[in-house]
Amino acid sequence: QGYEGLVEGGDNIKQANWLSVSNIIQLGGTVIGSARCKAFTMRAGRLRAARNLVEHGITNLCVIGGDGSLTGADIFRSEWAGLLEELVRDGQISEEVARKNCRLNIVGLVGSIDNDFCGTDMTIGTDSALHRIMEVVDAITTTAQSHQRTFVLEVMGRHCGYLALVSGLASGADWLFIPESPPEDGWEDLMCERLGE
């Protein structure tokens with residue numbers, strides 16, 4: 001469950017084995033879970049996360065996420081030595097354990113279905129999202145044609161229209177709304193005219 005799992009600890013932190021990772025490569029979404037974690041935005045939450053990592057002897061993290069996840073990782077990395085000192089001072093870990101875990105290595109990977117991060121051709125999650133969208137479009141296109149109906153499909157993308165744009169191009173959509181190019185006044189009439197044609 002992302003940082004939530006680090007802060008809560010317990011059964012959220014467990015070693016992956018062959019059985020737990022078999023047959024997941026074709027699945028979309030985050031199989032290991034993902035959660036927004038308010039506690040991790042505060043030092044007390046990061047302190048709990050540090051204690052949980054030390055208890056499991058984990059000194060390497062791979063953080064896959066967007067701006068919030070990667071910013072959190074950078075803060076966690078910069079505070080690591082201070083967090084260990086505080087755990088020693090509070091008697092939660094020994095100085096020997098702190099020395100053994102004195103370095104935290106973090107690899108950050110951009111995971112965003114929006115494909116909105118420069119320096120990479122495609123962010124993790126974008127391809128899976130596009131495939132799911134096209135599967136849905138393929139499924140409803142037949143129904144739309146047989147019933148001579150118009151279907152409206154909303155896709156994810158928060159402030160970025162990449163998924164909408166690429167899936168609209170791939171599916172031959174008649175009309176498309178993206179946040180980067182808001183519709184001009186009178187778009188309703190123009191859209192109805194286009195659909196009527």
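Q: Under what cut-offs does a residue count as buried, exposed or partly exposed?
A: Relative accessible area, taken with a 1.4 Å probe and protein chains only, sets the class. Buried means under 20%, exposed means over 50%, and what lies in between is partly exposed.

Q: Which class does Leu109 fall in, and in which strand is Leu109 found?
A: This is a predicted model, in which local features need pLDDT of at least 70, side-chain atom pairs count only at pLDDT 80 or more, and totals for chains, interfaces and linings use all residues. Residues are numbered from 1 along each chain as its sequence is written, and side-chain values use heavy atoms, without hydrogens and water. Leu109 has 32% relative accessibility, so Leu109 counts as partly exposed. Strands are DSSP runs of E with at least two residues, helices runs of H or I with at least four, numbered from the N terminus; residues 105–110 form the strand holding Leu109, β2.

Q: Which residues have the most contacts inside the largest nonpolar core, and which element gives the most to this core?
A: A nonpolar core joins buried Ala, Val, Leu, Ile, Met, Phe, Trp, Tyr and Cys residues through side-chain atoms within 4.5 Å. The largest has 22 residues, with the most contacts inside it made by Phe76 and Trp80. At least two residues each come from α1 (2–8), α3 (43–55), β1 (60–65) and α4 (67–89). The element that gives the most, with six residues, is α4.

Q: What separation lies between the centres of domain 1 and domain 2?
A: An automatic or database domain assignment sets the bounds: domain 1 covers 2–110 and domain 2 covers 126–196. Taken over C-alpha atoms, the centres of domain 1 and domain 2 are separated by 39 Å.
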